[in-house]
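Hi there,

Here is the structure I promised to pass on to you. Have a look at it first, and then read on for my notes.

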Amino acid sequence: MERLLILEDGSCYRGTAFGSDNFQIGELVFNTSMTGYQEILTDNSYCGQIVMMTYPLIGNYGVNRDDNESIVPAVFGFVVKDYCDEPNNWRSQETLDTYLKRENIPGIYGIDTRAITRKLRDKGTMRATLANVDADVDAIVKMLQETDYLHDQVKRVSSQKIFPIPNRGKKVVLMDFGAKLGIVRELSKRGCDLIVVPYDTPADVIMGFHPDGVMLSNGPGNPEDVQVAIDTIQKLIPQTVVFGICLGHQLISLACGAKTYKLKFGHRGANHPVMDLKTGKVEITSQNHGFAVDIDSLKNTRLEMTHQALNDKSCEGVRHKDYPCFSVQFHPEASAGPLDSGHLFDDFMELMEKEDHYA
Amino acid sequence: MPKRQDIHKILVIGSGPIVIGQAAEFDYAGSQACQSLREEGYEVILINSNPATIMTDTTIADRVYIEPITLDFAKRVIYKERPDAILGSLGGQTGLNLVVDLHNDGILDECGVEILGTDLHAINRAEDRELFRALMQEIKEPVPESAIVHTVDLAVEFCNTHGYPVVVRPAYTLGGTGGGFADNEEELREICEAGLKISPVGQCLIEQSIAGYKEIEYEVMRDANDNAIVVCNMENIDPVGIHTGDSIVVAPVQTLTDRENQMLRSASLKIIRALKICGGCNVQLALDPESFKYYVIEVNPRVSRSSALASKATGYPIAKISAKLAVGLTLDEILNPITKTSYACFEPAIDYIVTKFPRFPFDKFPSADRHLGTQMKATGEIMSIGRTFEESFLKAVRSLEMKVDHIYKAEFASMDQMQLLEKIKNSDDERIFAIAQWLRNGFDMSIILKETKMDSFFIHHIKRIIDLEQEMMAHVKDVETLKVLKKNGFSDSYIAKNWNMREKEVYDLRKANGIFPVYKMVDTCAGEFTSATPYFYSSYEEENESICSDRKKIVVLGSGPIRIGQGVEFDYATVHCVETLREAGYEAIIINNNPETVSTDFSISDKLYFEPLTTEDVMHVIELEKPLGVIVQFGGQTAINLADSLVQHGVKILGTSLEDIDRAEDRHEFEAMLRKLDIPQPQGETAVTVEEALVIAQKIGYPVLVRPSYVLGGRAMEIVHNDDELKVYMATAVKEISHDAPILVDKYIVGKELEIDAIADGENVFIPGVMEHIERAGVHSGDSISVYPTQIISEKVKETIIDYGIRIGKGFHFIGLYNIQFIVDKDENVYVLEVNPRSSRTVPFLSKITGIQMSNIATKAILGHSIVEQGYTPGYHPDDKHHVFVKAPVFSFAKLRHVDTVLGPEMKSTGEALGSDVNLEKALYKALVASGISVPMHGNVLLTIADEDKSEALKLAKRFADIGYGIYATKGTAKLLEENGLFVHHANKIEEGGDNSVVEIIRHGRVNFVINTMSNKTNSTSKDGFLIRRVAAENNISCMTSLDTAEALTRVLEALSFSMISMNEMGK
C-alpha cells in the first residue's frame, strides 16, 4: 500500500506504508545511527517527532524483548529507505512492522531519505506527517504550517506516579522526563536503590527520600517547557548530588541561569565526537537532542563547561563550581550507541560516595 | 599534540611485488602515506621493489629506492640515507616483517632509527600467537582454545585432547598462507607440516574451529593521546572459515543489533588500546549467531586490504590519517578531508550499503582447487555501492567481469539438486550463484542456511532478487516493472536477454521513460554535514547530487578488479592519464570499481564515479556529464572492450579510434594491415571447428600455438605438438568456439621475445625502449624476465624492431600508447606476434627506468599535442648506457593448490619486481631476490630434465658444479651428467619412494633450487613433474621450468660465487 510523507515546505514523498495508520503531525528529524533502530524508536525523547533513519536498511534484525528504551514508545512516525520484512537474529521476536502496528506507530519506506536529510540539514527540521495517498496534500501542508510544535511532551512520557526499583546500594531518585531504560540499567548495574518520580515531583518530596543523589533523565522537547522541573532542580542542587543527562543537562543549565537554544537540525546519531576539556580526550558519543546550552550564557553562572562537541563546538557538558552537580548533553548510557562514556555513571557513584550521607 | 619536531627524515617501506594477500591496496596506502608525511614537511625516503606502482614514482617520495625489500638492501639504504625514523606499518606484512628483521639485526639502534606507527612491541604482541593470546587473556578478551606448536606431533597432541575440527595458522605469513582446516589427524599432519615450513619462525597456531560463527571486522584507529575510533565495521556474508579476503563482505554490518555491534566495537577499541598502536588496525571477530558469545580471531596491527576497503567504503582515508598519527598528530587535530568542516576524530556514518566481491584467478587456472578456506586465493576485488542490498549486490556481480551480468550462470541452470547442493556445500568461489539457482529452482531455503551457515538475512535478499526475476518474466517490456527491476539493481543486458530485446533497446526504453539513476555522494556523514567530495555512486532515487560543471570534461575508464594479466600497472597508467588531463585544464572524471587502487582515491580525479564498468553504467555517467569524450586506452582490456558499445551510443573515443583498435584486435584486419605494411608475422589462421584447426596445423606444421581470439593475459593459450594434443585442446580448453570467437592457430616459432611500448600522435612515433625477454618464446611475456636495455640481440635486429614499431604506429593510425610483442628466430628474422592498441603491463616499468612518463605523453598526444610539440624527438629514445634494468615476475603459487607452476603461454604471475644495477648480473640478482627467490652462494640444485633439453641442461649443470653447487638428479638426467664427469647425488623418482625421492629431497629443503623441464613429446601433464613443481611451491623452493630462467640464475650465481674446482680438475 502506498503512503505519503508530507513536509511543511510543501514537498511530498510517495512510498510504501508499514506500521499503523495513526498519522500525527510531528517534527521530522533524522538519526544517523547505523544500528539501534529499536532503541531509537522506543526512546521517549522522540515524543512528538517523526524519526527518519539515514541508514537505508532497517528492520534487518527484527525487534526483541530486551532492547526497548521505554515500555510505551512515543515517537510519532518512522521513515526509512528500505524495510526488511524477513529479519533474522537469535533474539528477534517479531518484525518491525508487527511491532509498529501493535504500538500504533505509522511508518513509510521506499523514499529518498538522503534527499530529505539534506533538506533538513540545509533548512532545519520541519513539521511533517504521514498521510494516505488520496489525502488532500495542499490542505495538509497548510495544516502543517499552522500547527505549533508540542509543549507537553514531558508530561506525556513521564511516569504518572512514584515507584521504586529496589536494590541495596546508593539511594538515587530518578526524575523521569521520559527516561531511557538504559539509564535505569546503568544505575541498577551499580547497585543503586532507585526511586522513580514524575517530572513535577516537588523538591521536598524528593529530599524526603534522603537520596544519595538525584539523576535527571533525558526527555523530549524544549527544556523551557518544563519550568516546574527547573524550579525543583534549583532547590535540589545545593542539597544533594545531581547528575543530568540530555534534557536533564539543559534543565540544570537553565536552573543555574544559563540559556538554551534550538539547533537547526539537532544532533541525532551514534558517532558524535565530544572532547573532555579537562583531559583533552575525545569520546564518541550517542546523541539525541534538538536544543543546546548557550556557551556564552554560562559566563554569568556558577557552571563551567566540561565537554564540548568537536564538530560544531556546542556545549556537551557542565559542572557546578560550588556543588556536586554535573551533566552531559550526550548519552553515557548509550543504547543505542558507543559505550565510551559509561564511566560517567562511575563518576556519579564516586561523587555520591564522597558526599556520603552517613559519612 | 603537535607533530614531532625531533625527526626530519623518514624511511617508508613499501610492500613489494603484488602477490595474493598483498596487492594494490598497499600502493594506495603507501602513496597516501608518503604524500601525507611530505605534507607535514618530512623528508620521505622510500624502499619498494615494485615498479608497477604509483608509490614508486619519483614524485611520491623525496628519494625512491626500487630495491629488494630485504634486510641486506634495507640496511644499505639506511647507511646511505641515515633516516631518523622508519615506518613499516603501511607496507603490509612485508613492511612489518622487515622492521622486525632490521630491529633484530641491531642496525636501528646502531643508526638511531626510531620505529614509528606501530612499535615493535605491538607488532610482536599482535603477530606472535603466544604473546597475542597472553595479551587477550590479560584484557579478558576471549580467544578460541588453541596451542602454539613448533612440531607436528604437538599439534596432534592438542587435537587428541581438544578434538577436531581445528584450524591451522602459520605465524607471520600473509593472506593466511599455508593455513587450513583439519578434520582428522591425516589432514592435520599435512597442513601443519607445510605451515611450519612456510612460517618464518617455524610456528603454527592450532585452534579450535569456530566455523559457522559470523565473521565481523572493525577497522579501528588510535592516536598517541589514546583516542580511538572505529572507521568502519564490516560483515562477511560467509561465516568464519572462509578467509575474509575471499569472502563476500558488506559494510556496515547488517544483522547485528546495536548491543552486539557495541559489544564488538568496544572489544576492538580495547584491543587497539592494549596494543598501543598509533595508526590503523584491523580486528576480526567471530560472533556466535545464537548468543552474545564471541571470539577475537585476528588483529592486523597495520593498514591492510580491509582498511583500503573501509577507506573507499566510507570515504575516510585511513592510510593518510595513519601516517599523520605516526608522527604524533592526534585525531582531534586533523581535519576530516572529506567534509573539511569536521575532524578526523569521528566515526563515519554511511547511508548506503557496500558490497565487496573477491576476484579469483580460476578462469586462468581451471585445475586449481576452487574450495575456499583460510588461505586466501583471490587476486583482487571489486566494490559496489547502492541504497538497497539488491542494488549493491547486483552491481557487484556485474563489476566482476566474469562474463556475468546477473546472479545467474547458465551452467548452473542445468544442474540437478544434488549437483547444486555439492557446489553450495563445497563453499567454492561460485557458491553464491549456486545458491541463487537453488532458490530459482524453488528448493528448500533451510538447506542452504544449514549448509552454508550464512545469515538468512542475506539469503532472503537473494530470494527477493529471484522473486523479481519472476516479476520480470510475468511483465515483459512493462515500464513499471522495468522501474522496479532497475531500482533493484538488475542490469539492462540481463533484462534484455529475458525480454528478447537488444541491450540498447532496454536502455532506450528507459531513456524514453525517464528511468535513469541519480548520483549520491559518499560523504562520511550520511548527509549530516555539507561536503564537497567529488565521490559518487548511482542509485535509482530522486535527488541527484552530482552537479555538473561547464568545464571541458574527459571521462577515463579504469581497469576494474586486479586479476592475472591485468594488474596494478593499468591503474598506474590511469592515474597518470588523469593527472595529465587535470594539468592540461580538463575536468578529469574516473569510473572504476576497484577499492584497492590509487585511481579510486577521490583526491586523484576531479570526480570519481564508483561504478561497474559496463556499457549502461558508463553511459549513465556520460549522459549526465556530457564529456568531450572517453579515454579507454589506459584501463586495460576492460576499458578497450567497452569502446565498441560506447561508440554505438554515440560516444567519442579519444585517442586511437575504434576502427583502429579493431584493426589491431581483429585477426583478419590485423593480418591485412601487416601485409600492407610488409611486416611479417608467424604463419597462422583462424578456425571455428576442430577439423579446420587440424587442417591448418597440418599445413603450417607443428608445434602450433593455439588460443581463442580476444584473450587476456594469454588465457587458454597453449602450444600443441600433434593432432592428439590439438584435439584435446579444442575439446577441453575452449568451451565455446563460434564465428564470433574463433580459435587462432599459429606457427610456434622458437626464438627470442622482445617487446616495445610506444607512443604515437597520428604523425610521429616515439619509442622509449626495447625490452628483451630472458625466456624464449612460449613463456607468456608477463611471466618472462624482461631486460632493458637489450643485452643479446644484434643492432640489426633492434633496428628492425624499431622500424616495425614506427611503421605499425603510423600504419594503424594509433594515437596514444601501444605495445608490440616481437619474436626473433635464430636467423634474425623478426616477426610481430601481437599489437595491443593500449597501455600495457610494461608501461610503468619502462616509464620509470627511462624517466619518460609514457602515460603523460600519450595523454597529451590524445589531447592533440604532438610528440615534437612536447619536446621529444620522434623515433627511438637512446638507451641508458650505464644501467641495466631487470623486471622479474612474481608468482603466488604457494596459495593456489593444484595449479601447475610450469611456465607457458598462459600467464600465471601476479606481480613483478625490479632490479637495477650497473650490469646484467647484478641487476638480475636484485630482481630475483626482490621477487622472493633466495640466491645463496652455495648449496644444491635438483635437476629433472626432459630428454630434448638434456644437452642444454648438461652445460648448466657443469656451471653449477664449477661454482661448488651440489647436483641432485633423477635417473636419466643423472646418468648423462655422470657420463660427462659430474658428481651427482641420485634422487629417486616418486614411485621409487624412500627418503631419497625427489619429493622428500625438496620437502626437507636439501636443495635450494629445482630445475624441471617438461617434455614436449611425452604426456605434457606428467604427474611426476607436476608433483615436483607443486611440492617445491608449497615448500618455498624456487622451481625453474625454463632453462633460460635457470641460465639467468646461473649467471647470477657465477657472478656472486667463487669457482670451486680442484687442482686435479684444473690440470685437465
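Let's begin with the place where the two chains meet. The contact is built from 44 residues of chain B and 40 residues of chain A. Please keep in mind that this is a predicted model.

On the chain B side of that contact, two helices each give at least two residues: helix 9 (258-275) and helix 17 (456-474). Helix 9 of chain B makes the largest contribution to this side, with six residues. Sorted by class, the side of chain B that touches chain A holds 15 nonpolar, 14 polar and 15 charged residues.

Next, a spot in chain B that comes with an annotation. An unreviewed UniProt entry lists B:Glu298 and B:Asn300 under the feature "binding site". You can find B:Glu298 in strand 14 of chain B, which covers residues 294-300. B:Asn300 is in strand 14 of chain B as well.

Are these residues buried or exposed? B:Asn300 counts as buried because it has 24 C-beta neighbours inside 10 Å.

Which residues does B:Asn300 touch, once its neighbours within four places in sequence are left aside? The contacts of B:Asn300 are then with B:Cys281 and B:Asn282.

Happy exploring, and write back with any questions!

Best wishes

Terms used. Residues are numbered from 1 along each chain as its sequence is written. Chains are lettered from A and ligands numbered from 1 in the order in which they are written. This is a predicted model: local features need pLDDT of at least 70, side-chain atom pairs count only at pLDDT 80 or more; totals for chains, interfaces and linings use all residues. Two residues are in contact if their C-beta atoms, placed from the backbone, lie within 7 Å. Helices (H or I, at least four residues) and strands (E, at least two) are DSSP runs, numbered from the N terminus. Ala, Val, Leu, Ile, Met, Phe, Trp, Tyr, Cys and Pro count as nonpolar, Asp, Glu, Lys and Arg as charged, and the others, Gly among them, as polar. UniProt positions are given in the numbering used here, feature names are shortened, and annotations may be inferred rather than shown by experiment. A residue is buried if 20 or more other C-beta atoms lie within 10 Å of its own, exposed if 12 or fewer, and partly exposed in between; C-beta atoms are placed from the backbone.
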